[in-house]
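Subject: Structure handover

Hello,

Here is the structure I promised to pass on. Please open it first, then read my notes below.

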Amino acid sequence: MSDHVDVSNGLPANPEKSTIEGKNKFLGMWVFLGGETIMFATFFGTFLGLREGTAGGPTPDELFSLPLVFLMTMFLLTSSLTSVLGIISMKKNNFKAMRMYFLVTVLLGLGFFGCEVYEFWHYNHVGLGYSVSAFASSFYTLVGLHGAHVLFGLGWITTLLVRYWGKGITLANAPKFYSASLYWHFIDVVWVFIFTVVYLLTLGGA
Amino acid sequence: MATATATANKKKSVVWDWLTTVDHKKLAILYLVAGTLFFVKAGLMALFIRIQLMVPENDFMTGQVFNELITMHGTIMLFLAVTPLIFGFMNFVIPLQIGARDVAFPFINALGFWIFFFGGLLLSMSWFFGGAPDAGWTAYVPLSTREYAGSGMDFYALGLQVSGFGTLISAINFIVTIINMRAPGMTMMRMPLFCWTGLVASILIVFAFTPLAAGLALLMLDRLFMGQFFTPDMGGNSILWAHIFWIFGHPEVYILVLPAFGIISEVVPAFSHKRLFGYTAMVFATIVIAFLSFMVWVHHMFTIGIGPITNSVFALATMTIAVPTGIKIFNWLFTMWGGKLVFNTAMLCAASFVPTFVLGGITGVMLSMAPVDYLYHDTYFVVAHFHYIIIGGIVFGLLAGLYYWYPKMFGHKLNETLGKIMFWLLYIGFHLTFFIQHILGLIGMPRRVYTYLGGQGWDTMNLVSSVGAFVMGAAIVVLVLNIVYSAFKSERITVSDPWNARTLEWATHTPIPEYNFAQTPQVRSLDPWFYEKVHGEGKMQPAEPLQDIHMPNGSILPFLMSLGLFIWGFGMIMINMDNPIVPPGVVIAIGFIMTFGTMVLHSKEDHGYHIPLEEVKKIEKEVG
């Protein structure tokens, strides 16, 4: 219970796990991400099973271009780094730095999301509609679900930033920022797998 | 809305109180009521099914209605009846058994209930919009795709998606509660077995309901947005659905049966007046069953043509599950062995569970043998098998739990005479209905047919089975009568421990104060309450001084958030409707804004309130 922790000498070293609420959020978030992993695994399995099924429509090696995907990867990986820096600032009780790093995270995430919107628009433009083939459906579903997660994460972090813009770090909001950053890392890890399994595997000829 | 901090004594109307409650004990009762309503609904469907099959070439209903009834019977029973009933018990009992004041996330607990409830409502609305889902509870493609199934399957995909999300977040809540909220001294290996099975079942939910969510998303995308996952012409694969569904579907059986095992493991020691035999082995067996449950899904697909090697591997893995299950059976028997047995209704249900479940288990091993499965597949033998597991196992377990925990929940026992009448009616009716279906299956009656020709030797057996179903129906009527009768006539309970039981929930006052334990108890042993009665002073030693108690505020947001999801789901379904009066996009947007808007509202900090020390002392004096 938050009122049991003595904060008269400043925040404790791990403000996100100092209260029982914080501990619960920490564990609950990890368990939730465990479930999310299995859900994404199912969509990965679907994609791997159906990626040959182009049914005369555009094939992946005609469509995918590594430069764009590289740019997206850079956006997302960097945003993951800035969210780590944000959490480190939180542990040092440096609210202004944390706020700034999370803001950069949101901007980089928006950059990624913009690229993804462009990518989908482009594929659709060159003939890969959602219903063109099983490959198209499973590709859009897997990558689109990841994109939806990015969007949700952006909304989450933005809400936290707006809510706590001038409030400083407290034992109540530290677990919230921490959970959001865990979620953000998870999205990032899923992207690493998408990058490998969806793009590299296809272009590498496997 | 209870946003202000000092709302402890503010009087709320009854309806508002139940809509906004985050108290695990009240949510448990909501779960039980909602689960019972769905149970009665799906039970009536079963009776209609048995009326239709009572005589050959019956025209009581059309094949289409029959298909809708079997689909809804299975779907409702598994997702909307048994799961919430189990969650009801878990919600009520687990925090008490581990010595906690509430679950880890009271808000999420309420949210989980309301999402489940609105998901069930969404599925049930299908009857009014062009018919219920009709592709079987397994919703095999291509039967369930946009090509072959009517709008009912849209309600199936969206309704289960919504209710499944509620189940998932509730499960996460239970996991965190059990790991983080245990009282001092309550180590993992001192937890009652019901907590263990609840924990393991929750872990299974996290890893099984997420593939289901993915599968349902694929089905929805197929039906609403022309996804091509299951269309072979377009590069799709229809076996994919069967795999995803059974990767969820097999663990689902254990999600339901493990908590029932847990209830049995509480009731049998309590009424044998002995500690549970082989506690460690029971925990181990629970974990092994959970692990193996993810290794056996292909045994539902033996005849789909995957090949002999795969079939052999999965057949062997399936047989292996009999080993930990057997450990449990023997442990229950040895718990009863030499005990001072009391055969009240709870114990009768628990004790009869053991042989009935063994029968279901043995037919399970028979079905696991891939070559002979070709004979059993899609016959009434399978129907008989899983009803032995689900009714003989889970329903009897739930009833044992109901009679056992009823005095703690409602302050009075259920009537024993009516209880025993219910038990015998149900026990006889159940075996009458389902034992004979083994034979029906073996002589070749396929399942999921709405009628059959006479003169094949099936007529009498089907009649017997239908009569049995009515006897079971009578048993449920007696149960409902018992609940009403006992509410008015049964003696009020004021002692904390009416059964002379062993676990921590019986150390609380009856009725239980909102905060459960005035002082968090210090646990010194397995079966802590029994230990204190025998070795201590007859009451739990406190682990903290008597002080102000921190409690969470109630909130209407879970209800609104779930309503938003319901509206969103309905909007999605409207995409396929011929004549939606409101554009589906508008409805989807309203639901979406409502759900996420309430999430943003919820980000406002709410630190709950404190029950002051004097108030606690006053309450303790009143109930103690």
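Start at B:Asn462. Leaving aside residues up to four places away in sequence, B:Asn462 touches B:Arg50, B:Leu53, B:Met54, B:Leu440, B:Met445 and B:Tyr452. Bear in mind that this is a predicted model.

Where does B:Asn462 sit? Its place is in helix α14 of chain B, which covers residues 459–489. The relative accessibility of B:Asn462 is 0%. The cut-off for buried is under 20%, so B:Asn462 counts as buried. B:Gly624 is 162 residues away from B:Asn462 along the chain. The C-alpha atoms of these two residues are 55 Å apart.

Now chain B as a whole. Its secondary structure consists of 18 helices and four strands. The chain has 624 residues, and 60% of them count as buried. Along the principal axes, the C-alpha atoms of chain B fill a box of roughly 70 × 65 × 50 Å.

How does the radius of gyration of chain B agree with that of a compact globule? For 624 residues, such a globule would have a value near 25 Å. Chain B has 25 Å, so the two agree.

Contacts in chain B reach across the sequence. Take those between residues at least 6 apart: 81% of them join residues at least 24 apart. As for charge, chain B carries 31 positive and 33 negative charges. Their mean positions are 11 Å apart.

Next, chain A. It has six helices and zero strands. Read from the N terminus, its elements run α-α-α-α-α-α. Of its 206 residues, 51% count as buried. The box filled by the C-alpha atoms of chain A is roughly 70 × 30 × 25 Å, again along the principal axes.

Of its contacts with a separation of 6 or more, 80% come from residues 24 or more positions apart. Chain A exposes about 8600 Å², with 69% of it from carbon and sulfur atoms. There are 11 positive and 11 negative side chains in chain A. The centres of these two sets lie 16 Å apart.

One residue to look at in chain A is A:His149. It lies in helix α5, residues 134–163. Is A:His149 buried or exposed? Its relative accessible area is 9%. That is under the 20% cut-off, so A:His149 is buried. Its contacts, not counting residues up to four places away in sequence, are A:Glu36, A:Met39, A:Phe40, A:Tyr183 and A:Ile187.

Last, the interface. How many residues of each chain are in contact with the other chain? The count is 39 residues of chain A and 39 residues of chain B. The size of an interface is often given as the accessible area lost when the parts come together. Between chain A and chain B, about 2900 Å² is buried. Carbon and sulfur atoms give 71% of that buried area. On the chain A side, A:Asn24, A:Val31 and A:Arg163 lose the most area to chain B. Together they make up 16% of what that side buries.

Over to you.

Best wishes

Key:
Residues are numbered from 1 along each chain as its sequence is written. Chains are lettered from A and ligands numbered from 1 in the order in which they are written. Side-chain values use heavy atoms; hydrogens and water are left out. Helices (H or I, at least four residues) and strands (E, at least two) are DSSP runs, numbered from the N terminus. The radius of gyration is taken over C-alpha atoms; the globule rule is 2.2 Å times the number of residues to the power 0.38. Buried means under 20% relative accessible area, exposed over 50%, partly exposed in between (1.4 Å probe, protein chains only). Contact means heavy atoms within 4.5 Å. Lys and Arg count as positive and Asp and Glu as negative; His and the chain ends are not counted. The place of a charge is taken as NZ of Lys, CZ of Arg, CG of Asp or CD of Glu. Buried area is the accessible area (1.4 Å probe) that two parts lose on being put together, summed over both. Accessible areas come from the Shrake-Rupley method with a 1.4 Å probe; for residues, only the protein chains shown count as cover.
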